[in-house]
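Let's take a friendly walk through a protein model. Have the sequence and the 3D view ready.

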Amino acid sequence: MADLTELYQSIILDHNRRPRNFGELAGADRRAEGRNPLCGDTVAVFVKLDGERIAEVRFVGQGCAISKASASLMTAAVAGRTVADAEALFARVHDMMIGKATGEGLGQLAALAGVSRFPVRVKCASLAWHALRTALHTPEVQGQPVSTE
C-alpha cells in the first residue's frame, strides 16, 4: 500500500510540475471558469467540440498542486471522449474523491483518490472538473466566460 501511495504522490507531483494541456485554446467552442474562494485556486477550462466529441481541451489557472494536477489529469483523460463519456467519467471521479468509490479502472486518475481523506482538498481536486462540466453544457454568452461559482 505504501508503494501505491508513493506512486500516486509522484503522479500528482509530475502533473503539477509539468501540466498537460496547459494554456488557452484558440478557437474554443466553450469556456468556463472556476474559483475556490476558500483557498484562492482559479481555473479556466477551454473546450473545442467536434459534434458530441471533445476534440481538444486545455486549461489555465493557478492554485495548489492538487488543483493543477487534477486539471492536467482531467484534460488528458477527457480529450477524444464524447460529452456523455466525459459526464460519466466526472461522476466516477467525483464519487472516488468523496470516498464513495475506489479508483479501480481509472488509471492515473486514481491518484486523486487520496483527497477523500481530506474533505477540504476535494474542492481543490474537483474545481477543474466542475468547470469542464459547466463548459460542456453552457456555451459562451457574447464571448464572456461562464463562472462555476
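This is a predicted model: local features need pLDDT of at least 70, side-chain atom pairs count only at pLDDT 80 or more; totals for chains, interfaces and linings use all residues.

Residues are numbered from 1 along each chain as its sequence is written, and side-chain values use heavy atoms, leaving out hydrogens and water.

Search the whole structure and you find one aromatic pair. The ring centres of Phe22 and Phe59 are 5.1 Å apart with planes at 80°, so the pair is edge-to-face. (Rings of Phe, Tyr and Trp, taking its six-membered ring, pair if their centres lie within 6.5 Å; planes under 30 degrees apart are stacked, over 60 edge-to-face, the rest tilted.) Phe22 sits in the loop between α1 (2-17) and β1 (30-35) while Phe59 is in strand β3 (residues 53-62), so the pair ties together parts 37 residues apart in sequence. Helices (H or I, at least four residues) and strands (E, at least two) are DSSP runs, numbered from the N terminus.

How open are these residues? Buried means under 20% relative accessible area, exposed over 50%, and partly exposed in between (1.4 Å probe, protein chains only).

| Residue | Relative accessible area | Class |
|---|---|---|
| Phe22 | 36% | partly exposed |
| Phe59 | 1% | buried |
| Lys100 | 66% | exposed |

Back to β3: strand β2 (residues 42-50) pairs with β3 in the antiparallel sense over nine bridges; pairing takes at least two DSSP bridges between two strands. Thr42 stands opposite Gln62 in β3.

As for Lys100, look in the loop between α3 (83-97) and α4 (119-137).
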